[in-house]
Amino acid sequence: MSNYNKVIIFIVVLIIFSASVIYLYTSENSINRTMPEISSNIVRGDNSYNEAVDLLNDRDFNGARNSAMSASDCFNNSFSQLLSIRNNYTSDTNDVYKKYIDAALNEVELKRNATNYLLTAIDYLENNQNSTGSYYASQANDFMYEAIEFQNVRISIVKDNPSLFK
């Protein structure tokens, strides 16, 4: 093999390696750029959900419904963005990122379920069907407690890997 061919092969390998590094860096940077918005939506959803519960306890059904719908919007937006990230994983995506996204998806899915059950509870309680409304409210509470377990996993992953989450 001539020196010319060796140089060409070396350059091609170098270009492929550089492109791979840039793609991986861009993929992980994309995750880091998107996560603050996702986290912010989750926090806003949590706040709206808690407000809905407080309003429901005060028997302000319209206010509770509006806050629960706001929470639902936030959780749905976060879920869509997280799914998009997961669907665009590459073979080189860091396993820590994958665990984080999986924990966040589980958390948000449970919070979506909690919000849906809370909305159902509001409807029943507003129509004085207290037993059924209380059942749905209790189920919403259970979903939210389960979601908090995944939230804690997500927080722990960030805490244990500060160099990956900027």
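**Helix packing and ring pairs**

Mentor: Let us start with Gln 81, which has its place in helix α2, and keep in mind that this is a predicted model.

Trainee: Is Gln 81 buried or exposed?

Mentor: Leaving aside its neighbours within four places in sequence, Gln 81 is in contact with Thr 34, Glu 37, Ile 38 and Asn 41. Its relative accessible area is 19%, and since the cut-off for this class is under 20%, Gln 81 counts as buried.

Trainee: How are helix α2 and helix α3 oriented to each other, roughly parallel or roughly antiparallel?

Mentor: Helix α2 (residues 61-87) and helix α3 (residues 95-126) pack with their axes 9 Å apart and at an angle of about 155°. Because angles over 145 degrees fall into that class, α2 is, relative to α3, roughly antiparallel.

Trainee: And how many of the residues in the contact of α2 with α3 are nonpolar?

Mentor: The crossing of these two helices, α2 and α3, is left-handed. The residues of their contact include five polar and eight charged ones, while the number of nonpolar ones is 18.

Trainee: Which kind of pair do the rings of Tyr 124 and Tyr 136 form, stacked or tilted?

Mentor: Tyr 136 is partly exposed, with a relative accessible area of 22%. The centres of the Tyr 124 and Tyr 136 rings lie 5.5 Å apart and their planes stand at 10°, and because planes under 30 degrees apart belong to one class, the pair is stacked. This pair links distant parts of the chain, 12 residues apart, with Tyr 124 in helix α3 and Tyr 136 in helix α4. The answer to your question is therefore: stacked.

Notes
Residues numbered from 1 in each chain as written. Predicted model: local features only at pLDDT ≥ 70, side-chain atom pairs only at ≥ 80, totals over all residues. Heavy atoms only, no water. Axes fitted to C-alpha atoms, helices over the stretch in contact; angles between N-to-C directions. Helix = DSSP H or I, 4+ residues; strand = E, 2+ residues; numbered from the N terminus. Parallel < 35°, antiparallel > 145°, perpendicular 65-115°, else oblique. Left-handed = near helix turned anticlockwise from the far one by under 90°. Nonpolar A, V, L, I, M, F, W, Y, C, P; charged D, E, K, R; others polar. Buried < 20%, exposed > 50% of the residue type's maximum accessible area, 1.4 Å probe, protein only. Contact = heavy atoms within 4.5 Å. Phe/Tyr/Trp six-rings, centres within 6.5 Å; stacked < 30°, edge-to-face > 60°.
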